[in-house]
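Let's walk through this model together, one piece at a time. Have the chain open in your viewer and follow along.

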Amino acid sequence: MPSSFLKQYAGGLSQVATMMIVSGVFFIFVFTAVFFLLRIWLRRRSKIFYDSSGKKKRPSFAFFHPYCNAGGGGERVLWVAVRSIQRRYPNVQCVIYTGDVDATPDEILARASQRFNIFLPSRVEFVFLRCRGWVEASKYPYFTLLGQSIGSVFLGLEALYQFVPDAYIDTMGYAFTLPLFRYLGGSLVACYVHYPTISTDMLDRVTQRVAAHNNASFISSSPVLSRLKIFYYQLFAYLYGVAGNRANVIMVNSTWTYNHIISLWGVPGKTHILYPPCDISEFMKIPLDSDEEKSKQILSLGQFRPEKDHPLQIRSFSRFVKSLDEKAGSTYKLVLAGSCRNEEDQRRVESLHALARELGVDHLVDFRLNIPFSELKQLLAESLVSLHTMWNEHFGICVVEGMAAGTVMLAHDSGGPKMDIVVTHNDRPTGFLASDEESFAAAMKQIFQMSPSERLALRQNARDSLSRFSEEEFDAAFLSLCRPVLKFLST
């Protein structure tokens with residue numbers, strides 16, 4: 001081949017390479033410029049809140065909690081965290097991003113005080129989000145995790161468009177909003193993780209082809225679909241880790257959650273266990289006397305969500321009462337108390353009613369929906385057993401509350417209850433653990449067969465073990481762990 005042709009060819013390649021480099025540099029320059037201009041524009045157009053004297057309140061600390069009016073354990077963490085900030089930094093503007101557009105700020109705060117007995121020392125601002133439907137699981141019958149995560153980015157963009165905070169904390173598990181607020185909003189970011197969006201347990205279930213509420217039977221029965229779902233989960237887990245480890249501070253609610261987040265996000269140096277605040281002070285006021293006068297009542301506390309597995313509770317209770325003679329069985333009662341967030345939850349309750357009728361125990365099962373704190377406390381005082389059946393519950397605030405109130409706890413043998421709560425104390429048990437319909441029913445029978453003095457000793461030991469879950473412990477640890485994010489607030 002002539003040398004002149006080779007030189008010409010090499011020169012052409014050099015020109016192409018040069019053009020590609022120049023184009024790449026130009027693209028990076030334009031992207032960076034647009035990014036920073038957008039960041040400046042967002043901050044300049046951001047909503048400004050004023051105090052009662054008409055002065056602009058700064059700095060700001062924003063909580064991302066689209067369901068702040070739901071009344072569950074995650075909401076208790078939110079309100080106690082807000083109160084902690086307000087008490088320590090009274091000059092700080094606390095803001096909550098919420099999708100509860102059907103409620104006014106006063107109604108939201110009234111529900112927090114009614115449900116949790118929490119009263120804030122100063123005003124909190126609300127930024128109402130109209131696009132909350134984008135994070136609803138019902139919107140994505142397939143690829144739910146990916147759909148909700150992409151939806152959370154749109155919801156986060158709506159939040160940023162309305163208000164850009166100095167510091168931001170996600171308290172509901174929307175990890176994909178963290179890089180959004182850190183890089184586009186220029187905020188310091190933190191997160192409190194109640195439950196990893198994806199976990200190695202979920203991957204194991206798909207690998208083992210186990211049907212569950214998040215692994216449909218038509219997928220678990222198909223080798224091809226199961227392999228595709230494993231690939232999808234692995235890809236999602238990688239993206240989830242990339243987004244999550246953008247946080248400056250990562251707090252998790254239990255040992256179980258910590259193990260999964262460390263595995264997925266890979267930043268142990270800034271990941272810390274912070275047990276959620278449990279209202280043990282109020283429940284511990286319930287007298288811990290002999291339970292001879294208590295009714296034979298089993299109480300379940302928890303939102304009516306599929307993962308709480310209320311059907312397992314009804315089936316276990318049915319098996320238990322049917323193991324007794326008819327007269328004895330009719331003296332027991334199961335109460336399911338919790339919050340209903342939407343129509344989907346309401347339909348779930350209706351299906352539970354139907355299940356109780358089908359099993360012939362509907363006259364022994366009572367439902368209490370969206371009850372106030374005073375009624376919840378009264379139910380705990382009346383009940384002898386507290387029941388919690390969620391598999392791999394991330395923590396289990398209701399489990400702690402039940403033990404603090406002096407009930408005998410019967411929880412699922414997994415997750416937070418197994419690792420952190422229903423553990424031995426003073427070398428003695430603090431409750432019972434079970435894993436399926438048969439073992440739950442057997443545990444119920446064992447509890448009621450114990451003598452009152454045996455149950456009293458168990459209940460007392462359980463109550464003695466709970467000091468590490470108090471609101472005071474949470475306050476101190478939350479402020480300490482958030483110091484890298486909060487340190488500028490005192491300046």
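Start with T177, which is buried, at a relative accessible area of 0%; "buried" here means under 20% relative accessible area, "exposed" over 50%, and "partly exposed" in between, using a 1.4 Å probe and protein chains only. Before going further, bear in mind that this is a predicted model: local features need pLDDT of at least 70, side-chain atom pairs count only at pLDDT 80 or more, and totals for chains, interfaces and linings use all residues. Residues are numbered from 1 along each chain as its sequence is written, and side-chain values use heavy atoms, with hydrogens and water left out.

So where does T177 sit? You'll find T177 in the loop between strand 4 and helix 5 (178–184). Helices (H or I, at least four residues) and strands (E, at least two) are DSSP runs, numbered from the N terminus. Setting aside neighbours within four places in sequence, T177 is in contact with F64, S152, G156, Y168 and D170, where contact means heavy atoms within 4.5 Å.

Helix 4 covers residues 144–162, and its 19 residues should span 27 Å at 1.5 Å a residue; the end C-alpha atoms are 27 Å apart, which agrees. That expected span is 1.5 Å times one less than the number of residues.

Now for a record to hold against the model. An unreviewed UniProt entry places the feature "transmembrane region" at residues 20–42, 140–161 and 173–195; the positions are given in the numbering used here, feature names are shortened, and annotations may be inferred rather than shown by experiment. Over residues 140–161 the chain is 82% helix and 0% strand, with its end C-alpha atoms 25 Å apart. Over residues 173–195 the chain is 30% helix and 26% strand, and the end C-alpha atoms are 7 Å apart.

Seven strands make an open sheet in the order 3-2-1-4-5-6-7, with parallel pairing; two strands pair if DSSP finds at least two bridges between them. Strand 3 (125–128) and strand 7 (271–273) are at the edges with a single partner strand each, so one side of each has no neighbour in the sheet. From one strand to the next, the twist averages 20°. Strand 6 (residues 249–252) is joined to strand 7 by three bridges, and I250 stands opposite T271. Helix 19 (residues 471–481) packs on this sheet, touching strands 4, 5, 6 and 7, and its direction makes about 155° with that of strand 6. For such angles, axes are lines fitted to C-alpha atoms, for helices over the stretch in contact, and values run from 0 to 180 degrees between N-to-C directions.

There is also an open sheet of six strands, ordered 10-9-8-11-12-13 and paired in parallel. Strand 10 (365–369) and strand 13 (432–434) are its edge strands. Inside, strand 8 and strand 11 pair over three bridges, with L299 opposite S386. Helix 17 (residues 437–449) lies across strands 8, 11, 12 and 13, at about 170° to strand 12.

Finally, the greasy parts. The largest nonpolar core has 62 residues, and F63, W79, I96, M251 and F478 have the most contacts inside it. Such a core is a set of buried Ala, Val, Leu, Ile, Met, Phe, Trp, Tyr and Cys residues joined through side-chain atoms within 4.5 Å. Helix 2 (residues 73–88) gives the most to this core, with seven residues. A second, separate core of 42 residues includes F64, A247, W265 and V267.
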